[in-house]
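Please read the following points with the sequence and the 3D view side by side.

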Amino acid sequence: MSVRALWIVSHEKGENVSIRFSRRFSTVEHRAKCLAGSSYVAVPEDGTVLQLLLTELGLSEPDKTYVALRDDCLHRQRSPALELHVDGPGKGILWPVLAISQGPLILACLCLVDAPPEPRPPLANLLSVSQGLTLLAGLQTFLLGSGNKPDSEGPASRLAMLPSVLLQVCPLGTPLDLPALGAPATAPTPAGNQKQPAWKTGLYRGRAVVNVALMETVRSMQYGNPSTQDLWDVYGTVTCKCEVEGVLPNVTVTLTLPPNGSPLQDILVHPCVTSLDSSILTASSVDNSDSSAFSGPYKFPFSPPLEPFRLCSYTSQVPVPPILGSYQLKEEENQLRVSVTLKLHESVKNSFEYCEAHLPFFNRDQMGVVDVKVSSGQLDVSKEKNLLVWTLGQKFPKSREVMMEGRITFSGPTPGPTDPLCTDLTAYIKMYFKVPDITLSGACVDQHSVQVYSSAKPRIVTSRELQSKEYFIWNSAGAAPVSSGQMML
């Protein structure tokens, strides 16, 4: 449910009737225009809405004994879902306009109907009507108090707080939470003259903490064939969670590379980044490598939202993949001979959170005899899935090299899993691993480089890790699908 517009009208006796507060939501209005098409009726100016609303509620021109639009017997008031008949160039009917009146205030809103205008759906079928009335009732309690009568504090001071309340309970016109119907709701108000942006639905209160996590993902296609080039690529993301007080706090995160590191490429940043060196955005992986490309440090100043968000992403060209593999699968006398060698590159930290190699076998009968030995780790056999799972644990041996050798027969009573790609000797190993406290590019975020311009000193938490995704080692003795050009994540 979304709200196209909201009005709060004051109609105390002895005073002029006036709109004390109004709010229109342009993103919801755009959706309404797309849904209605040629039947779209724009929301008129506040003065016109006030007159139409008072007429529909029977409050217009109280000095006159008869007003046709108000008193004619053919006029049927459809409270609480009213119709406002708009005249002029954009004439039409605004519906449903929900209105509740209590004490000196009238609260009204125009709901978005996610349905074609004709035929008009029954009110009972519209969730937006019940949710809109709940929103108005909650705002009424906030403004008037739990007894729906003005208290000592008065509605004037709470009207001044209403923009902050709406940012929390109805950001961009979509209610997320509603003020409780008990004690009046409270909302933190921006300090000074800073205006709280519409995309920020509230203000943080508490101890300042900034979390910055750098994650690099590596993907690889290794063929073990001199005629086919191995491929790999690295994609990195920096994710932030900033719990800092203030309407628009300023935070700067700096990403650094080692002296011999390759420049980061294809950098994309979150819209909350306030400024950026243009040279950071020019490096592209589709261009030839340029030794003069910007190589850091990469500074990202921003004003963070409340929720976790991805500050930036990038790609990086690294000279070698972290794990080099060789896979040979040959058919000998109704059985398969398996030979695997995996080597951890010397530049990669030998400390894994997990590391596994999965060897699936497709388009064959179920496994029968499995006579396979590994030099390190543990081998699990799933005959039902025709799958070998080689768990390497958290460390490679000192040599940084592990091997698997053996033979497998497929003499089970039922067929195993199928795959249209992996026929005959077309087969692969798929690697799954994660390495904490390392990145292939060498990029890192030092907690001392994170700057937070706040009255309270924040606690800074940084982390980085490397993980695999679609990391394949293909059987060099069989055909393998070849990717042309650069791999894209």
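1. Ser10 counts as buried because its relative accessibility is 4%; buried means under 20% relative accessible area, exposed over 50%, and partly exposed in between, with a 1.4 Å probe and protein chains only. Ser10 belongs to strand β1 (residues 3-10). Helices (H or I, at least four residues) and strands (E, at least two) are DSSP runs, numbered from the N terminus. When neighbours within four places in sequence are left aside, Ser10 is in contact with Asn16, Val17, Ser18, Arg20, Pro104 and Leu105, where contact means heavy atoms within 4.5 Å.

2. A word on the source is needed here. This is a predicted model, in which local features need pLDDT of at least 70 and side-chain atom pairs count only at pLDDT 80 or more, while totals for chains, interfaces and linings use all residues. Residues are numbered from 1 along each chain as its sequence is written, and side-chain values use heavy atoms, with hydrogens and water left out.

3. Which strands accompany β1 in its sheet? The order is β2-β1-β5-β4-β3, an open sheet of five strands with antiparallel pairing; two strands pair if DSSP finds at least two bridges between them. Strands of a sheet pair through backbone hydrogen bonds, either parallel or antiparallel. β2 (18-24) and β3 (81-86) are the edges, and each has a single partner strand, so one side of each is left without a neighbour in the sheet. On average, neighbouring strands of this sheet are turned by 25 degrees against each other, direction ignored. Axes are lines fitted to C-alpha atoms, for helices over the stretch in contact, and angles run from 0 to 180 degrees between N-to-C directions.

4. Within that sheet, six bridges join β4 (residues 92-102) and β5 (residues 105-111) in the antiparallel sense.

5. Helix α4 (residues 127-144) lies across β1, β4 and β5, and runs at about 35 degrees to β4. Its 18 residues should span 26 Å at 1.5 Å a residue, and the end C-alpha atoms are 26 Å apart, which agrees; the expected span is 1.5 Å times one less than the number of residues. The buried residues of α4 include Val129, Leu135, Leu136, Leu139 and Phe142. Just after α4, Gly145 has a positive phi of about 95 degrees. Helix α2 (residues 46-56) is likewise followed by a glycine, Gly58, with a positive phi near 75 degrees. Among the buried residues of α2 are Val49, Leu50 and Leu53.

6. Strand β13 (residues 335-344) is mostly covered, with seven of its ten residues buried. On what two strands does the pairing of β13 rest? Strand β12 (residues 323-332) runs antiparallel to β13 and is joined to it by ten bridges, and strand β18 (residues 401-409) pairs with β13, also antiparallel, over nine bridges. Leu336 in β13 shows both pairings: it stands opposite Glu331 and opposite Ile408 in β18. The hairpin of β12 and β13 has two residues between the strands, and there Glu333 takes a positive phi near 50 degrees.

7. A second open sheet has three strands in the order β10-β8-β20, with antiparallel pairing. β10 (298-302) and β20 (451-453) are the edge strands, each pairing on one side only. The twist from one strand to the next averages 10 degrees. Strand β8 (residues 250-255) pairs with β20 over three bridges, and Thr252 has Gln451 as its bridge partner in β20.

8. Rings of Phe, Tyr and Trp (its six-membered ring) pair if their centres lie within 6.5 Å; planes under 30 degrees apart count as stacked, over 60 as edge-to-face and the rest as tilted. The count by this rule is nine aromatic pairs. Phe352 and Phe433 form an edge-to-face pair, 6.2 Å centre to centre with 90 degrees between the planes. Phe352 lies in the loop between β13 and β14 (354-360) and Phe433 in strand β19 (residues 428-436), so the pair ties together parts that are 81 residues apart in sequence. Phe352 is buried at 4% relative accessible area, and Phe433 is buried at 1%. Ring pairs link Phe352, Phe396, Phe433 and Tyr471 into a cluster.
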